[in-house]
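Here's a quick tour for anyone opening this structure for the first time. Take a look, then read on.

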Amino acid sequence: MFRALERPVNVAAILIAAVAVAFGIASWRLGFWTDDGPGPGLLPFVTVCLLFPILFLIVREKFDDEERFKADPLVAIIMLCVYAATLPYLGFLVPTVALIVAWTTIFERQNIVRGIVLSGFLVACGWVIFVYLLRVPMPLLPVW
Amino acid sequence: MLNSLEQIFYGLSLAVLPQNLLYAFMGCVLGTLVGVLPGLGPITTIAVLLPLTFQASDPLGAIIMLASIYYGAMYGGSTTSILLRVPGEAASVITCIDGYEMAKQGRAGPALSIAAIGSFIAGTGSVIALSFVGPAFAKFAVSFGPPEYFALAIFGLVLSATIGGGSPARGFCMVLLGILFGLVGTDTVTGVERFAMGVPALADGIDLVPLLMGLFGLGEILYNLEQKGELSVLTSKIGRLLPNREEWKESAGAIGRGSVLGFLVGLIPGGGAIIGSLLSYSVEKKLSKTPEKFGRGAIAGVAGPESANNAAASSSFVPLLTLGLPGNAVTAVLFAGLLIQNVQPGPLMLVKNPDIFWGVIASMYVGNVMLLILNLPLVGLWVQLLRVPVWILGPAVLLVAIFGTYSLRSNWTDVSLLMIAGGAGYVLRKAALDAGPFAMAFILANIMDTSLRQALLMGDGNIAIIVSRPLSASIIGVTAVVVIYTVYSYFKAGRAKKYERPDNS
């Protein structure tokens, strides 16, 4: 079971199948036909019906350079989700500096001083381009 | 003919306005700059820089900048192919073969300049042809009804799923998934909310820009985290810049053939720069008197594909601007850029927004001249960019993507969508599922749905209406042939068949 999940295509197929089931149920509820003609659920339901046999085919395919998931990108995805969740409460400055420092030290294997310098430099550049030059209202600090 | 010439001059009068020249220049510099950096291709570049164009003061300036970024990235992509054997973008993969061999022999200069000159000639020729073909296409497309639009959308999606060289099953899977996600939002026919789960932000559908930036831009950054290692740049061996007489002779025919081939391929939905360059390489090898030189530094192996990919890049604007149907992933991202500026591409664009249509086409002439100037004498400067440490690039691009996404609507939900789409982009890339057909299907989903339902209403609920009109019947017929052939070859090859991994950059 867990060995099967080492293949990215299997993981992708499970996720796509889950999405397809949700879309299938919702399109059934929307209806395929109304008194005035074709309903809003018609095309999505046909699409879901076509998707399942294709999913079956793709998990059976083999690639010469079959890849496996690696830890770094998966950790990065979690970090990015946490970052996005904290932004509305903390503003851009603190989470972004923390993200860049963590990114350069964990994934790019640089020392923390370089991480801090780079994050300061990039956030300053971002501020100049987006806030100063392009006049985008970006909340840099916590909003409370 | 005369009318087209008048319109081109009208477009030129707009393109040479100081602010538009500035946008074109900025786009060319940004595109070349990011295109030169390995791992960041035109789709990623345009997707990440898309929000910057939102800040442009007028739609024409924004679209000129986007188109210039595209060409710039195409030009820049060849530099890394030749000097690093790392294609800056997918269409330059084939350039690596002979370009890198030339660089190893100390002929990097001629390889780089023939790539730039070939791209310039092909790009300019293609834009001239586009000026005449575009209006003819638009005139023809005005007569299209819902059955024709439905048939064309199906045709484009089938080709995008099957033509890329990867597994057709995976291509179809991504097309179907793209249709489902593209249908989220308010149904345009009944006004009912579809799949929005009561979330107000989804009532107008999933926002295209964060989705594409996540799938292509962030997904690429995450994927590149796995690709560690130092790059060896052959900068010391650039040598003389211009090709010698013999090299010119070898390249001239290849540039001409590559230009024509690329232009024709770019017109086909699902075609585009990658297929143009692959076809050109095989044609040149077949026509060559010395095919054994290919793979060992044949200059025609650089000139042909580079010309073809630039010609295809220009001609892929024809289905986008005249039919409103993006033919490949790059034009799908450009489609998003046009929508941000409230410009609806399609047959009526020539009537409603002639300034944008002709201004963009004319700016391509100007952009090609700028790129030649930027890429030939300044090639040494771009090469220096390759010395920027990789550990700086990832966080820099990440930050541009995050700030850029927020700047679009000052909305936190967009940033969350960017992250989710980025994660999805990484998983899809690992699973060899190409995000290109997904992006096309996402954009075409509502066009398909609305035209299918309108067609069914026209036919009193009978689907036969689609095959009873000559044009839609012909398109459906060709589509059916492609599907049957693909299914037949797929099952004939069986499970033993190994497929190419798609390149989403």
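Let's start with what packs over one helix: the cover on the buried residues of α2(A) includes α1 (8–30) and β2 (37–38) of chain A, along with α8 and α20 of chain B. Helices (H or I, at least four residues) and strands (E, at least two) are DSSP runs numbered from the N terminus, and a residue is buried if 20 or more other C-beta atoms lie within 10 Å of its own, exposed if 12 or fewer, and partly exposed in between, with C-beta atoms placed from the backbone. This is a predicted model, where local features need pLDDT of at least 70 and side-chain atom pairs count only at pLDDT 80 or more, while totals for chains, interfaces and linings use all residues. Residues are numbered from 1 along each chain as its sequence is written, and chains are lettered from A and ligands numbered from 1 in the order in which they are written.

**Helix α2 of chain A**
- This helix covers residues 42–60, and its 19 residues reach 29 Å from first C-alpha to last, close to the 27 Å expected at 1.5 Å a residue (the expected span is 1.5 Å times one less than the number of residues).
- Its buried residues include A:P44, A:F45, A:L51, A:I54 and A:I58.

**Where the chains meet**
- Chain B puts 54 residues into the contact and chain A puts in 52; two residues are in contact if their C-beta atoms, placed from the backbone, lie within 7 Å.
- On chain B's side, α19(B) gives the most, with ten residues.
- Setting aside neighbours within four places in sequence, B:C173 is in contact with A:I16, A:L51, A:I54, A:L55, A:I58 and B:L433.

**The largest nonpolar core**
- B:C173 turns up again here: with B:I46, B:Y70, B:L212 and B:V333, it touches the most other members of this 202-residue core.
- A nonpolar core is a set of buried Ala, Val, Leu, Ile, Met, Phe, Trp, Tyr and Cys residues joined through C-beta atoms within 7 Å.
- Helix α4 (residues 59–84) of chain B supplies the largest share, 16 residues.
- Domain 1 (4–60) and domain 2 (71–133) of chain A both give residues to this core, so it lies between them; the domain bounds come from an automatic or database domain assignment.

**Two loop residues with positive phi**
- B:M197 has phi near 55°, and it sits in the loop between β2 (193–194) and α9 of chain B.
- B:N342 has phi near 60°, and its loop runs between α14 (329–340) and α15 (349–352) of chain B.
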